[in-house]
Amino acid sequence: KIDGNVNVSGSLLIYGTVNGNIESKGSVRTAKGSRIKGDIIGGEAHICGLVEGNLMIKGKIILGSESQLTGNLKSGTLVIEEGAKFAGSCDMSNNTSKTSE
């Protein structure tokens, strides 16, 4: 469990709980059963757990079959697998270059 923001220059795989924002230059993957309460900013994302926050991803977001996302997402490409739950809005315009929202 991490209480606070996480900032990494590479990729990140999360198996537990993060209460804070996550920023990664690479990909962010959350495992089945993981819980994130905060925003995720990164190059790519593969969500398999629970996320309560916004996703701002330059490349592709995959919402796995076990995922639950409550929040808005901004991405170049979005894949939603059967069984995924998503409550929020989606922006897939190509202007996903570094934004500070």
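What follows is a short chat about a predicted model.

Colleague: What are the ground rules here?
Modeller: The model is predicted: local features need pLDDT of at least 70, side-chain atom pairs count only at pLDDT 80 or more, and totals for chains, interfaces and linings use all residues. Residues are numbered from 1 along each chain as its sequence is written, and side-chain values use heavy atoms, with hydrogens and water left out.

Colleague: In what order do the six strands of the open sheet run?
Modeller: The order is E1-E4-E7-E10-E13-E16, with parallel pairing. Strands are DSSP runs of E, at least two residues, numbered from the N terminus. Two of them pair if DSSP finds at least two bridges between them.

Colleague: Which are the edge strands?
Modeller: E1 (2-3) and E16 (85-87); each pairs on one side only. E1 meets E4 (residues 17-19) over two bridges. There, Ile2 stands opposite Val18.

Colleague: New topic. How many salt bridges?
Modeller: Two in the whole structure. The term means a side-chain nitrogen of Lys or Arg within 4 Å of a carboxyl oxygen of Asp or Glu.

Colleague: Which residue pairs with Asp91?
Modeller: Lys74, with the closest N and O atoms 4.0 Å apart.

Colleague: Is Lys74 buried or exposed?
Modeller: Buried, with a relative accessible area of 10%. Asp91 is partly exposed at 31%. Buried means under 20%, exposed over 50%, partly exposed in between (1.4 Å probe, protein chains only).

Colleague: And what does Asp3 bridge to?
Modeller: Lys1, also listed at 4.0 Å. Both Asp3 and Lys1 are exposed.

Key. Helix = DSSP H or I, 4+ residues; strand = E, 2+ residues; numbered from the N terminus.
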